[in-house]
Amino acid sequence: MFLIMGFRLPGFLQVILPLGLFLGILMAYGRLYLESEMTVLAATGMSQQRLLAITMGPATLVGLLVAWLSFSLAPQGATQFSLLINKQDAMTEFDTLVPGRFQALRDGTRITYTKELSEDRSQLAGVFISEKRMSGDKSKDNGITVLVAEKGHQEVRPNGSRFLILENGYRYDGNPGAADYRVIKYDTYGAMLPKPEISEEITDREAIPTSELIGNPAPRSVAELQWRISLPLSVFIVTLMAIPLSRVNPRQGRYLKLLPAILLYMSYLAILISVRSSLEKGKLPLSLGMWWVHGIYLSIGLLLFYWEPLRLKMASRRSVTEVTRGQA
C-alpha cells in the first residue's frame, strides 16, 4: 500500500502544489491587508508590480519543482505503478492465497481454500477447490468439480512449468442437487498451473516518458504533453491572480474572497482536465490545444491585477473634473 502511494505521490503533488501556493498567497497577503500592514508598505513605496515581482521568486521555485514532477518524476512513478499492477495481475493462486479464507479466482469460476500455508507458500494443508466446468465458449455450465485433499504442494519443472500436486483426497464431479455424481479417491492428483506472464507493456498515458511525447503527432500524446506543460505554467498564472484576490478590506475579514478565489482556481483546473480529454478524443483541434484556457485565465489575472489601480485612477480623474467644473 505504501509503495503504491509512493509511486502515485508525484502525480498528486504536481496538482496540489499550485493550489497550495495559491492559498498560501491568499492567506499571507490577506492577513497583511487585514492588519493594515500592506497599507503601510504601500505608503513606503511598495507597489503592486513590485509585490508581484517579489512573489514571483518563490513562485518560480514552485514552478520548477512542479515542472520536475510533471516532466520526469510523475511519469516514472506512473510507470512503476503500472508495472506493479501488471505484476499483481500475473500472480498465481499460490501468491494470493490466505490461510483460512475462501477466495474466488478465475472470474469467480473457482473457489479455493487452504487451512494452512507454509511461509514459502509451497506447502498446503486442508485443501478445498471448487471449480465450475464451463463449455468452450463459456456460455453453458456443465456442473462443478470439487477437490478435497489432506495436503498439497507446488512443483516447478526445469522448463518453468508449475503444477499443483494434491495428496490423499477425493474428487467429486456432478451438478448441485443431482444424484448422478462421480467420486474418485486419489493418492496423488496433479494439475498444471498457468504460467505467470508479467506484461512489460505500459498503456497508461501518464507513464509515457516526456521524451517520447515530444514530436509525436498522436492526439493522445499531444494532449498529455500540453497537460504536463500546463501544470508549471499554471503556477505563474495563479500567482498573478492570487495577489489582487488577497486584497481585502479590514472591515470585511480575510475570508471574504477566499471561496470565490478557490472556485476560480478549481474552474481553471477543471477546464484544463476537460480540454485534455477533448483533445484526446479529437473533439478540439490540436493547434488550439490548451493554450486558449491559459490565455483566458491570464487575461482574468491581468484584469484583476490592474482593475483597482485603474478604478482609483478613473475616480481621481472624475474628482478633478468635478472640482474644475465647480470652480468654473
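What is the helix and strand content over residues 12-30, and how far apart are the end C-alpha atoms? The chain there is 100% helix and 0% strand, with 27 Å between the end C-alpha atoms.

1. Basis of the note. This is a predicted model, in which local features need pLDDT of at least 70 and side-chain atom pairs count only at pLDDT 80 or more, while totals for chains, interfaces and linings use all residues. Residues are numbered from 1 along each chain as its sequence is written, and side-chain values use heavy atoms, with hydrogens and water left out.

2. Annotated segments. An unreviewed UniProt entry places "transmembrane region" at residues 12-30, 51-71, 227-246, 258-277 and 289-307. UniProt positions follow the numbering used here, feature names are shortened, and annotations may be inferred rather than shown by experiment. Residues 258-277 are 100% helix and 0% strand, and their end C-alpha atoms are 29 Å apart.

3. Helix α7. Helices (H or I, at least four residues) and strands (E, at least two) are DSSP runs, numbered from the N terminus. Helix α7 has 23 residues and reaches 33 Å from its first C-alpha to its last, close to the 33 Å expected (1.5 Å times one less than the number of residues). Just after α7, Gly-282 takes a positive phi of about 80°.

4. Burial in α7. Buried means under 20% relative accessible area, exposed over 50%, and partly exposed in between (1.4 Å probe, protein chains only). The buried residues of α7 include Leu-258, Tyr-265 and Arg-276. Met-266, also in α7, is partly exposed at 39%.

5. Thr-55. This residue lies in helix α3 (residues 48-89) and is buried, with a relative accessible area of 5%. Not counting residues up to four places away in sequence, Thr-55 touches Ile-25, Tyr-29, Thr-239 and Ile-243 (contact means heavy atoms within 4.5 Å).

6. Aromatic cluster. Ring pairs link Phe-102, Tyr-113 and Phe-128 into a cluster. Rings of Phe, Tyr and Trp (its six-membered ring) pair if their centres lie within 6.5 Å; planes under 30 degrees apart count as stacked, over 60 as edge-to-face and the rest as tilted. The structure holds seven aromatic pairs. Among them, Phe-102 and Tyr-113 are stacked, at 4.5 Å centre to centre and 25° between the planes. Phe-102 and Phe-128 form an edge-to-face pair, at 6.0 Å and 80°. Phe-102 is exposed at 53%, whereas Phe-128 is partly exposed at 27%.
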